[in-house]
Amino acid sequence: MRTTYGFAVSWPEIRRTIPNALTIARFVAIPVFVWLYLEAGDGPAWGAGVFFAAAALTDQLDGYLARRWHVESRFGTVADPLADRLMIGTAAILMLATGRIPVLAALVILGRDVALVLGYRILSPGGYELEVTFLGKTATWVVYAALGFVLVTAEGTTWPLVVLWIGIAISLGAGVQYALRAWRQVHGGRDSRLEREP
């Protein structure tokens with residue numbers, strides 16, 4: 001047991017806060033990433049790329065620790081994917097503005113993120129929850145990797161854009177999967193409520 005400012009803090013209590021602290025750190029990292037990217041100019045943005053990769057690693061680490069230590073929380077369930085979406089969306093907007101990725105790729109990335117946020121806002125008041133699926137997580141990994149490759153390679157390099165389009169294709173598939181799950185939850189909930197009505 002550790003004592004901090006006169007308060008006894010046990011390891012289980014500290015452990016409970018670590019995954020959420022990593023998630024919060026990703027939110028804080030976004031403006032730093034923007035600054036590093038803009039400072040890099042027209043060449044490969046290695047500083048922003050390394051920072052972006054670190055954010056991707058914390059995305060994997062916070063979820064892994066939460067599951068391993070059995071400290072999943074409502075905050076983490078909501079904030080973790082939101083931090084991903086904001087970091088990826090910010091990177092997509094910056095790269096679109098500086099001509100590093102195609103307009104269509106950026107629009108698909110941002111459009112899917114907006115659709116997920118709106119879907120969550122619509123479903124949450126009714127008590128419905130959309131858990132992150134393996135396909136959705138895979139899409140996030142591939143898009144993270146692709147944008148990171150775009151950051152650290154010369155403008156116009158083809159292969160990172162190929163990886164990005166693969167990630168976008170997986171992302172669209174995950175979007176369809178989320179939509180089907182949402183439809184089943186909403187209609188399943190309505191059916192169960194109708195059955196309980198006299």
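1. Start with the second largest cavity: Arg100, Val150, Thr153, Ala154, Glu155, Gly156, Thr157 and Leu161 line this space. A cavity here is a set of points, on a 1 Å grid over the protein atoms alone, where a 1.4 Å probe fits but cannot get out, and lining residues have an atom within 4 Å of a point. The second largest cavity holds about 60 Å³, a volume being the space filled by probe spheres set on the points, with grid points joined across faces, edges and corners. Its lining splits into three nonpolar, three polar and two charged residues.

2. A word on what you're looking at. This is a predicted model, in which local features need pLDDT of at least 70 and side-chain atom pairs count only at pLDDT 80 or more, while totals for chains, interfaces and linings use all residues. Residues are numbered from 1 along each chain as its sequence is written, and side-chain values use heavy atoms, with hydrogens and water left out.

3. Now the overall layout. The protein chain has six helices and two strands, and along the sequence they follow the pattern β-β-α-α-α-α-α-α. Both kinds of element are DSSP runs numbered from the N terminus: helices are H or I with at least four residues, strands are E with at least two. Of the 198 residues in the chain, 36% are buried; buried means under 20% relative accessible area, exposed over 50%, and partly exposed in between (1.4 Å probe, protein chains only). Among contacts with a separation of 6 or more, 79% are between residues 24 or more positions apart, where contact means heavy atoms within 4.5 Å.

4. Back to the cavities. By type, the lining of the largest cavity has five nonpolar, two polar and three charged residues.

5. Arg112 deserves a look while you're there. This residue lies in helix H4 and is buried, with a relative accessible area of 11%. Leaving out residues up to four places away in sequence, Arg112 touches Arg85, Gly136, Ser171, Ala174, Gly175 and Tyr178.

6. H2 covers residues 46-68, and its 23 residues should span 33 Å at 1.5 Å a residue; the end C-alpha atoms are 32 Å apart, which agrees. The expected span is 1.5 Å times one less than the number of residues. Buried residues in H2 include Phe52, Asp59, Asp62 and Leu65, and the buried residues of this helix pack against H1 (11-40), H3 (74-97) and H5 (134-152). Just after H2, His70 takes a positive phi of about 55°.

7. H5 is mostly covered, with 14 of its 19 residues buried.

8. Finally, the charged pairs. The structure holds seven salt bridges, each a side-chain nitrogen of Lys or Arg within 4 Å of a carboxyl oxygen of Asp or Glu. Arg26 and Asp84 make one of them, at 3.1 Å from N to O. Arg26 sits in H1 and Asp84 in H3, so this pair ties together parts that are 58 residues apart in sequence. Arg26 is buried at 1% relative accessible area, and Asp84 counts as buried at 1% too.

9. With Lys137 in H5 and Asp59 in H2, the pair ties together parts that are 78 residues apart in sequence. Lys137 is buried at 18% relative accessible area, and Asp59 is buried at 1%. Asp84 also forms a salt bridge with Lys137, the closest N and O atoms being 3.7 Å apart. Which residues do salt bridges with shared partners join into one network? They are Arg26, Asp59, Asp62, Asp80, Asp84 and Lys137.

Terms used:
Nonpolar A, V, L, I, M, F, W, Y, C, P; charged D, E, K, R; others polar. 1 Å grid on protein atoms, 1.4 Å probe; cavity = no way out; pocket = protein on both sides within 12 Å on 5 of 7 lines; lining within 4 Å.
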